[in-house]
Amino acid sequence: MRVSQVWPAVLVALYSTLALAQSPAISPGPRGEPAPATTPASEPSFDAATAEPAVAPEGPAEDTADAPPPEPAHTTAPPSSPEGVADSSRTPVVEPRAKPDATGELPPLPARHRLVYSNLLVLRVNPLGAEDRFTLGYNLRLYNNAKPLFRDAYFGVGFSPTISPSISRIGGNIDFAPLTILRFRGAYYLATWYGSDRFKAHPYSSPTAEYGPEKLKNEAGANVLGGQAELSALFQVRVKMIAIRNEVTFYNNNIRLPTGNDVFYDLRHDVLVPAKGWFLTNDTDLLYMTKFGLNAGVRNSLVHVFYTSKMYGPGEAADNPNTPMDRLGPVLTYTFFDRPEKRFNKPTLIFAAQWWLKHRYRGQGAPGMEDRIHQGIPLFLLGFSFTGELVRSKH
(Lines give C-alpha, C1' and ligand atoms only; values in the text may rest on other atoms or scores of the structure.)
Protein backbone atom coordinates (compact mmCIF):
# COMPACT_ATOMS: atom_id res chain seq x y z
CA MET A 1 0.00 0.00 0.00
CA ARG A 2 1.41 3.37 -1.04
CA VAL A 3 0.85 6.72 0.65
CA SER A 4 -1.50 7.76 -2.17
CA GLN A 5 -3.78 4.88 -1.26
CA VAL A 6 -3.97 5.90 2.40
CA TRP A 7 -5.04 9.53 2.06
CA PRO A 8 -8.57 8.77 0.69
CA ALA A 9 -9.30 6.81 3.86
CA VAL A 10 -7.99 9.66 6.02
CA LEU A 11 -10.23 12.17 4.18
CA VAL A 12 -13.27 9.93 4.66
CA ALA A 13 -12.50 9.69 8.40
CA LEU A 14 -12.25 13.47 8.70
CA TYR A 15 -15.56 13.92 6.86
CA SER A 16 -17.24 11.42 9.20
CA THR A 17 -15.88 13.32 12.20
CA LEU A 18 -17.49 16.55 11.05
CA ALA A 19 -20.78 14.83 10.32
CA LEU A 20 -21.01 13.39 13.83
CA ALA A 21 -19.83 16.48 15.67
CA GLN A 22 -23.31 17.36 16.91
CA SER A 23 -23.90 14.05 18.71
CA PRO A 24 -23.58 13.70 22.50
CA ALA A 25 -20.05 12.81 23.35
CA ILE A 26 -17.56 11.07 25.48
CA SER A 27 -15.35 13.18 27.63
CA PRO A 28 -11.59 13.43 27.42
CA GLY A 29 -9.42 11.05 29.24
CA PRO A 30 -7.33 11.41 32.30
CA ARG A 31 -4.01 12.61 31.19
CA GLY A 32 -5.37 15.71 29.74
CA GLU A 33 -6.25 13.82 26.67
CA PRO A 34 -9.77 12.70 26.16
CA ALA A 35 -8.80 9.37 26.57
CA PRO A 36 -7.15 6.51 26.66
CA ALA A 37 -6.68 7.06 26.66
CA THR A 38 -6.69 5.93 27.29
CA THR A 39 -6.92 7.18 31.47
CA PRO A 40 -3.31 7.53 27.07
CA ALA A 41 -2.02 9.39 31.44
CA SER A 42 -2.32 13.02 30.96
CA GLU A 43 -5.91 12.58 30.17
CA PRO A 44 -8.07 12.37 33.29
CA SER A 45 -11.29 14.25 33.02
CA PHE A 46 -12.98 14.32 36.39
CA ASP A 47 -16.10 15.88 37.83
CA ALA A 48 -14.18 18.63 39.52
CA ALA A 49 -15.85 21.65 41.01
CA THR A 50 -17.26 24.61 39.22
CA ALA A 51 -14.83 27.00 37.67
CA GLU A 52 -13.98 30.55 38.63
CA PRO A 53 -16.50 32.57 36.61
CA ALA A 54 -14.50 35.76 36.70
CA VAL A 55 -11.59 34.14 34.95
CA ALA A 56 -13.39 31.74 32.63
CA PRO A 57 -12.82 32.35 28.95
CA GLU A 58 -15.60 33.42 26.78
CA GLY A 59 -16.01 30.19 24.81
CA PRO A 60 -19.31 29.10 23.35
CA ALA A 61 -21.85 30.63 25.69
CA GLU A 62 -24.50 28.46 27.26
CA ASP A 63 -28.08 29.57 26.75
CA THR A 64 -29.63 28.86 30.12
CA ALA A 65 -32.85 30.74 29.49
CA ASP A 66 -34.73 28.34 27.25
CA ALA A 67 -32.58 25.29 26.86
CA PRO A 68 -33.46 22.30 29.05
CA PRO A 69 -30.71 20.92 31.29
CA PRO A 70 -28.28 19.07 29.02
CA GLU A 71 -27.54 15.43 29.48
CA PRO A 72 -23.77 15.64 29.85
CA ALA A 73 -21.56 13.00 28.35
CA HIS A 74 -19.05 13.02 31.17
CA THR A 75 -16.98 10.01 30.39
CA THR A 76 -13.33 9.40 30.07
CA ALA A 77 -11.48 7.32 27.60
CA PRO A 78 -8.27 5.63 28.64
CA PRO A 79 -4.77 6.48 27.76
CA SER A 80 -3.83 6.99 24.26
CA SER A 81 -1.65 4.04 24.35
CA PRO A 82 -2.97 1.66 26.87
CA GLU A 83 -1.42 -1.42 25.77
CA GLY A 84 1.84 0.26 26.17
CA VAL A 85 3.75 -2.47 24.50
CA ALA A 86 2.14 -1.82 21.18
CA ASP A 87 0.62 1.57 20.77
CA SER A 88 -1.92 0.23 18.33
CA SER A 89 -3.56 -1.76 21.13
CA ARG A 90 -4.74 1.24 23.10
CA THR A 91 -7.31 0.48 25.71
CA PRO A 92 -10.82 1.49 24.76
CA VAL A 93 -12.10 2.37 28.21
CA VAL A 94 -15.12 4.64 28.15
CA GLU A 95 -17.10 5.48 31.24
CA PRO A 96 -20.76 6.33 31.83
CA ARG A 97 -22.11 9.84 31.55
CA ALA A 98 -22.57 12.11 34.52
CA LYS A 99 -26.19 12.11 35.65
CA PRO A 100 -28.38 14.55 37.57
CA ASP A 101 -28.51 14.04 41.32
CA ALA A 102 -31.67 13.48 43.37
CA THR A 103 -32.63 17.13 43.03
CA GLY A 104 -32.26 17.06 39.25
CA GLU A 105 -29.08 19.16 39.28
CA LEU A 106 -26.27 18.28 36.90
CA PRO A 107 -22.75 17.71 38.31
CA PRO A 108 -20.63 20.87 38.47
CA LEU A 109 -18.10 21.64 35.79
CA PRO A 110 -14.55 20.37 36.30
CA ALA A 111 -12.29 22.86 38.09
CA ARG A 112 -10.71 25.35 35.73
CA HIS A 113 -7.17 24.35 36.72
CA ARG A 114 -6.25 20.76 37.61
CA LEU A 115 -3.12 18.73 38.23
CA VAL A 116 -3.97 15.14 37.33
CA TYR A 117 -2.21 11.82 36.84
CA SER A 118 -2.90 8.40 35.39
CA ASN A 119 -1.13 5.06 35.28
CA LEU A 120 -1.57 2.08 33.00
CA LEU A 121 0.14 -1.31 33.41
CA VAL A 122 -0.26 -3.78 30.54
CA LEU A 123 0.85 -7.34 29.82
CA ARG A 124 0.64 -8.66 26.24
CA VAL A 125 1.09 -12.05 24.54
CA ASN A 126 1.61 -12.70 20.79
CA PRO A 127 3.86 -10.79 20.70
CA LEU A 128 5.14 -10.93 24.26
CA GLY A 129 5.56 -7.63 26.09
CA ALA A 130 4.91 -5.58 29.22
CA GLU A 131 4.80 -1.85 29.81
CA ASP A 132 3.90 0.77 32.39
CA ARG A 133 2.82 4.23 31.29
CA PHE A 134 2.57 7.05 33.81
CA THR A 135 1.36 10.56 33.05
CA LEU A 136 1.39 13.67 35.20
CA GLY A 137 -0.32 16.64 33.60
CA TYR A 138 -1.89 20.07 33.97
CA ASN A 139 -5.37 20.59 32.47
CA LEU A 140 -7.02 23.92 31.76
CA ARG A 141 -10.80 23.81 31.17
CA LEU A 142 -11.62 25.95 28.13
CA TYR A 143 -15.28 26.91 28.50
CA ASN A 144 -17.76 27.86 31.18
CA ASN A 145 -20.41 25.72 29.53
CA ALA A 146 -22.02 22.57 30.95
CA LYS A 147 -23.42 21.36 27.64
CA PRO A 148 -22.06 17.92 26.69
CA LEU A 149 -20.27 19.21 23.61
CA PHE A 150 -18.21 21.76 25.61
CA ARG A 151 -17.98 20.77 29.29
CA ASP A 152 -14.85 18.62 28.92
CA ALA A 153 -12.98 20.74 26.38
CA TYR A 154 -9.49 21.48 27.68
CA PHE A 155 -5.88 22.35 26.98
CA GLY A 156 -3.26 20.21 28.69
CA VAL A 157 0.47 19.60 29.01
CA GLY A 158 1.97 16.51 30.57
CA PHE A 159 5.05 14.48 31.41
CA SER A 160 4.45 10.91 30.21
CA PRO A 161 7.31 8.40 30.58
CA THR A 162 6.85 4.85 29.30
CA ILE A 163 8.85 2.05 30.95
CA SER A 164 9.23 -1.64 30.03
CA PRO A 165 11.92 -4.32 30.50
CA SER A 166 13.46 -3.51 27.10
CA ILE A 167 12.06 -0.17 25.84
CA SER A 168 11.85 3.17 27.62
CA ARG A 169 10.54 6.53 26.42
CA ILE A 170 10.95 9.79 28.32
CA GLY A 171 9.06 12.84 27.13
CA GLY A 172 5.86 14.82 27.26
CA ASN A 173 2.71 15.75 25.38
CA ILE A 174 0.52 18.76 24.56
CA ASP A 175 -3.24 18.19 24.19
CA PHE A 176 -5.91 20.41 22.71
CA ALA A 177 -9.56 19.31 22.90
CA PRO A 178 -11.75 22.08 21.42
CA LEU A 179 -14.80 19.87 21.97
CA THR A 180 -15.59 16.97 24.26
CA ILE A 181 -15.74 14.66 21.25
CA LEU A 182 -12.49 15.77 19.59
CA ARG A 183 -8.90 15.86 20.83
CA PHE A 184 -5.59 16.60 19.12
CA ARG A 185 -2.23 15.65 20.60
CA GLY A 186 1.42 16.24 19.92
CA ALA A 187 4.17 14.44 21.83
CA TYR A 188 7.91 13.89 21.67
CA TYR A 189 10.00 11.20 23.39
CA LEU A 190 13.61 10.21 23.80
CA ALA A 191 13.39 6.46 23.19
CA THR A 192 15.86 3.65 23.79
CA TRP A 193 15.86 -0.11 23.18
CA TYR A 194 18.02 -2.31 25.45
CA GLY A 195 18.04 -5.52 27.52
CA SER A 196 17.62 -9.05 26.17
CA ASP A 197 18.58 -9.60 22.51
CA ARG A 198 15.15 -10.97 21.76
CA PHE A 199 13.44 -7.71 22.73
CA LYS A 200 16.02 -5.18 21.57
CA ALA A 201 15.80 -3.34 18.28
CA HIS A 202 16.79 -5.57 15.34
CA PRO A 203 18.30 -3.44 12.52
CA TYR A 204 17.91 -4.49 8.86
CA SER A 205 19.02 -3.03 5.54
CA SER A 206 15.66 -3.39 3.77
CA PRO A 207 11.90 -3.65 4.53
CA THR A 208 11.94 -7.01 2.72
CA ALA A 209 14.23 -8.60 5.36
CA GLU A 210 12.89 -11.65 7.22
CA TYR A 211 12.00 -11.00 10.90
CA GLY A 212 9.93 -14.01 11.93
CA PRO A 213 9.50 -14.94 15.65
CA GLU A 214 12.16 -17.68 15.59
CA LYS A 215 14.65 -15.50 13.74
CA LEU A 216 14.27 -12.74 16.33
CA LYS A 217 14.87 -15.23 19.14
CA ASN A 218 18.12 -16.50 17.65
CA GLU A 219 19.79 -13.33 16.37
CA ALA A 220 21.52 -10.54 18.27
CA GLY A 221 19.70 -7.28 18.74
CA ALA A 222 21.14 -3.78 19.11
CA ASN A 223 21.02 -1.07 21.76
CA VAL A 224 19.70 2.01 19.96
CA LEU A 225 18.72 5.53 20.96
CA GLY A 226 16.82 8.32 19.28
CA GLY A 227 13.76 10.54 19.15
CA GLN A 228 10.15 9.69 18.37
CA ALA A 229 7.41 12.22 17.66
CA GLU A 230 3.66 11.55 17.75
CA LEU A 231 0.74 13.42 16.21
CA SER A 232 -2.75 12.09 16.90
CA ALA A 233 -6.43 12.90 16.53
CA LEU A 234 -9.20 11.27 18.58
CA PHE A 235 -12.90 11.35 17.79
CA GLN A 236 -15.44 9.78 20.17
CA VAL A 237 -19.21 9.93 20.41
CA ARG A 238 -21.87 8.21 22.47
CA VAL A 239 -25.56 7.62 21.78
CA LYS A 240 -27.39 6.21 24.82
CA MET A 241 -25.46 3.05 25.78
CA ILE A 242 -23.45 2.76 22.54
CA ALA A 243 -20.07 4.46 22.11
CA ILE A 244 -17.93 4.79 18.99
CA ARG A 245 -14.35 5.92 19.08
CA ASN A 246 -11.59 6.33 16.49
CA GLU A 247 -8.01 7.42 17.01
CA VAL A 248 -5.31 7.83 14.36
CA THR A 249 -1.69 8.37 15.41
CA PHE A 250 1.23 9.28 13.15
CA TYR A 251 4.75 8.45 14.38
CA ASN A 252 8.01 9.93 13.12
CA ASN A 253 11.28 8.24 14.07
CA ASN A 254 14.76 9.74 14.24
CA ILE A 255 16.70 6.71 15.51
CA ARG A 256 20.42 6.02 15.20
CA LEU A 257 21.09 2.57 13.72
CA PRO A 258 24.36 0.82 12.81
CA THR A 259 25.71 1.92 9.43
CA GLY A 260 23.97 0.35 6.45
CA ASN A 261 20.60 -0.18 8.16
CA ASP A 262 17.48 1.87 7.41
CA VAL A 263 14.75 -0.06 9.25
CA PHE A 264 14.46 -1.98 12.52
CA TYR A 265 12.04 -4.33 14.25
CA ASP A 266 10.04 -2.40 16.85
CA LEU A 267 8.50 -4.65 19.50
CA ARG A 268 5.91 -2.03 20.51
CA HIS A 269 4.28 -2.22 17.08
CA ASP A 270 5.53 -5.67 16.01
CA VAL A 271 6.78 -4.54 12.59
CA LEU A 272 9.80 -3.15 10.74
CA VAL A 273 9.69 0.65 11.06
CA PRO A 274 11.98 3.29 9.49
CA ALA A 275 14.91 4.63 11.48
CA LYS A 276 14.05 8.00 9.91
CA GLY A 277 10.50 8.12 8.63
CA TRP A 278 6.79 7.74 9.26
CA PHE A 279 4.25 5.10 10.20
CA LEU A 280 0.71 5.20 11.59
CA THR A 281 -1.75 3.29 13.73
CA ASN A 282 -5.53 3.52 13.65
CA ASP A 283 -7.85 2.09 16.33
CA THR A 284 -11.63 1.90 16.08
CA ASP A 285 -13.85 0.83 19.00
CA LEU A 286 -17.54 -0.02 19.16
CA LEU A 287 -18.69 -0.42 22.78
CA TYR A 288 -21.78 -1.17 24.83
CA MET A 289 -21.60 0.63 28.16
CA THR A 290 -23.50 -0.64 31.18
CA LYS A 291 -24.53 1.33 34.26
CA PHE A 292 -22.48 -0.77 36.69
CA GLY A 293 -18.96 -0.22 35.30
CA LEU A 294 -18.73 -3.04 32.73
CA ASN A 295 -18.08 -2.11 29.10
CA ALA A 296 -17.99 -4.68 26.29
CA GLY A 297 -17.32 -4.29 22.62
CA VAL A 298 -15.03 -4.88 19.69
CA ARG A 299 -11.83 -3.18 18.54
CA ASN A 300 -10.13 -3.06 15.14
CA SER A 301 -6.44 -2.07 14.99
CA LEU A 302 -4.56 -1.13 11.82
CA VAL A 303 -0.83 -0.44 11.36
CA HIS A 304 0.74 0.97 8.19
CA VAL A 305 4.39 1.89 7.55
CA PHE A 306 5.54 4.37 4.89
CA TYR A 307 8.75 3.00 3.37
CA THR A 308 10.67 5.21 0.92
CA SER A 309 12.48 3.88 -2.16
CA LYS A 310 15.92 4.59 -0.67
CA MET A 311 15.24 2.06 2.10
CA TYR A 312 15.33 -0.81 -0.41
CA GLY A 313 18.44 -2.50 -1.75
CA PRO A 314 19.74 -2.06 -5.31
CA GLY A 315 17.37 -3.69 -7.78
CA GLU A 316 14.71 -4.46 -5.15
CA ALA A 317 11.09 -3.72 -5.99
CA ALA A 318 9.72 -1.03 -3.67
CA ASP A 319 6.89 -3.25 -2.44
CA ASN A 320 5.60 -3.28 1.13
CA PRO A 321 5.51 -6.89 2.37
CA ASN A 322 4.85 -5.97 6.02
CA THR A 323 1.82 -3.68 6.14
CA PRO A 324 -0.98 -2.94 6.42
CA MET A 325 -1.39 -5.16 9.48
CA ASP A 326 -4.89 -5.62 10.85
CA ARG A 327 -6.43 -7.33 13.85
CA LEU A 328 -9.95 -7.56 15.28
CA GLY A 329 -11.44 -8.87 18.49
CA PRO A 330 -13.46 -8.32 21.68
CA VAL A 331 -12.54 -6.04 24.56
CA LEU A 332 -13.88 -5.95 28.12
CA THR A 333 -13.27 -3.35 30.82
CA TYR A 334 -14.58 -3.10 34.36
CA THR A 335 -14.32 0.06 36.49
CA PHE A 336 -14.72 -0.65 40.21
CA PHE A 337 -15.79 2.89 41.16
CA ASP A 338 -15.75 6.46 39.91
CA ARG A 339 -15.36 9.14 42.60
CA PRO A 340 -14.52 12.48 40.98
CA GLU A 341 -11.88 14.71 42.55
CA LYS A 342 -10.31 11.82 44.50
CA ARG A 343 -6.57 11.21 44.45
CA PHE A 344 -7.18 7.56 43.56
CA ASN A 345 -10.03 6.99 41.15
CA LYS A 346 -11.40 4.75 38.43
CA PRO A 347 -9.41 1.54 39.06
CA THR A 348 -10.13 -0.41 35.87
CA LEU A 349 -9.37 -3.95 34.69
CA ILE A 350 -8.87 -4.39 30.94
CA PHE A 351 -8.97 -7.55 28.81
CA ALA A 352 -8.70 -7.84 25.05
CA ALA A 353 -8.21 -10.63 22.51
CA GLN A 354 -7.58 -9.66 18.87
CA TRP A 355 -7.14 -12.09 16.00
CA TRP A 356 -4.66 -11.16 13.31
CA LEU A 357 -6.58 -10.66 10.08
CA LYS A 358 -3.42 -9.69 8.24
CA HIS A 359 0.20 -10.04 9.37
CA ARG A 360 3.32 -11.23 7.61
CA TYR A 361 4.09 -13.80 10.32
CA ARG A 362 1.05 -14.08 12.59
CA GLY A 363 -1.76 -14.04 10.06
CA GLN A 364 -0.94 -14.58 6.42
CA GLY A 365 2.58 -15.87 5.91
CA ALA A 366 3.99 -16.94 2.58
CA PRO A 367 3.11 -20.51 1.47
CA GLY A 368 5.40 -23.04 3.11
CA MET A 369 6.85 -20.52 5.54
CA GLU A 370 7.63 -22.25 8.84
CA ASP A 371 8.66 -19.26 10.91
CA ARG A 372 5.16 -18.01 11.66
CA ILE A 373 2.42 -18.31 14.27
CA HIS A 374 -0.97 -19.85 13.53
CA GLN A 375 -3.63 -17.29 12.67
CA GLY A 376 -6.00 -18.88 15.20
CA ILE A 377 -3.85 -17.62 18.10
CA PRO A 378 -4.87 -14.03 18.97
CA LEU A 379 -3.05 -11.20 20.66
CA PHE A 380 -4.03 -11.30 24.36
CA LEU A 381 -3.88 -8.21 26.52
CA LEU A 382 -4.44 -7.78 30.25
CA GLY A 383 -4.18 -4.39 31.91
CA PHE A 384 -4.94 -2.32 34.99
CA SER A 385 -5.35 1.47 35.01
CA PHE A 386 -6.22 4.17 37.53
CA THR A 387 -6.28 7.95 37.64
CA GLY A 388 -6.39 10.72 40.20
CA GLU A 389 -6.70 14.46 40.74
CA LEU A 390 -3.85 15.84 42.87
CA VAL A 391 -4.57 19.57 42.88
CA ARG A 392 -7.47 21.68 41.59
CA SER A 393 -8.42 25.34 41.72
CA LYS A 394 -10.99 26.32 44.34
CA HIS A 395 -14.62 26.27 43.31
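## Salt bridges

A search of the whole structure finds 17 salt bridges, each one a side-chain nitrogen of Lys or Arg within 4 Å of a carboxyl oxygen of Asp or Glu. Side chains of opposite charge can pair when their charged atoms come close. The structure is a predicted model, in which local features need pLDDT of at least 70 and side-chain atom pairs count only at pLDDT 80 or more, while totals for chains, interfaces and linings use all residues. Residues are numbered from 1 along each chain as its sequence is written, and side-chain values use heavy atoms, with hydrogens and water left out.

One of the salt bridges joins the side chains of Glu131 and Arg268, at 3.0 Å from N to O. Glu131 sits in strand S2 (residues 129–141) and Arg268 in the loop between strand S10 (263–266) and strand S11 (271–274), so this pair ties together parts that are 137 residues apart in sequence. Strands here are DSSP runs of E with at least two residues, and helices are runs of H or I with at least four, numbered from the N terminus. Glu131 and Arg268 are both buried, where buried means under 20% relative accessible area, exposed means over 50%, and partly exposed lies in between (1.4 Å probe, protein chains only).

Next, look at Arg185 and Asp175, whose side chains meet in a salt bridge of 2.7 Å, N to O. Arg185 belongs to strand S6 and Asp175 to strand S5, so the pair ties together parts that are 10 residues apart in sequence. With 5% relative accessibility, Arg185 counts as buried; Asp175, at 0%, counts as buried too.

Arg299 and Asp285 also form a salt bridge through their side chains, at 2.5 Å from N to O. Their link is between distant parts of the chain, with Arg299 in strand S13 (residues 294–306) and Asp285 in strand S12 (residues 276–289), 14 residues apart. Both Arg299 and Asp285 are buried. These two residues are also part of a network of salt bridges that links Arg183, Arg245, Glu247, Asp283, Asp285 and Arg299.

The protein chain has two helices and 16 strands.

S5 and strand S6 (residues 182–193) are antiparallel partners over 11 bridges, and they form a hairpin with two residues between them. Leu179 faces Leu182 in S6, and Ile170 stands opposite Leu190 in S6. S6 in turn pairs antiparallel with strand S8 (residues 224–239) over 12 bridges, with Ala191 opposite Gly226 in S8. In a regular strand the side chains alternate between the two faces of the sheet.

## Nonpolar cores

The largest nonpolar core has 40 residues, and Trp193, Tyr204, Tyr211, Val271 and Tyr307 touch the most other members. Such a core is a set of buried Ala, Val, Leu, Ile, Met, Phe, Trp, Tyr and Cys residues joined through side-chain atoms within 4.5 Å. Leaving aside residues up to four places away in sequence, Tyr211 touches Tyr204, Leu216, Tyr265, Asp270, Val271, Leu272, Asn322, Arg360 and Tyr361, with contact meaning heavy atoms within 4.5 Å. Apart from this core lies another, of 10 residues, including Leu149, Ala153, Leu179 and Ile181.

## The surface

Buried residues make up 57% of the 395 residues in the protein chain. The accessible surface of the chain comes to about 16200 Å², and carbon and sulfur atoms account for 65% of it. Accessible areas come from the Shrake-Rupley method with a 1.4 Å probe, and for residues only the protein chains shown count as cover.

A nonpolar surface patch of about 660 Å² is made by Leu136, Phe159, Ile163, Ile170, Leu190, Leu225, Leu390 and Val391. Patches consist of residues with over 30% relative accessible area and no salt bridge, with like charges joined within 9 Å and nonpolar side chains (Val, Leu, Ile, Met, Phe, Trp, Tyr) within 5 Å. Leu390 is found in strand S16 (residues 379–392) and is partly exposed, with a relative accessible area of 31%.

Terms used: Pairing = 2+ DSSP bridges.
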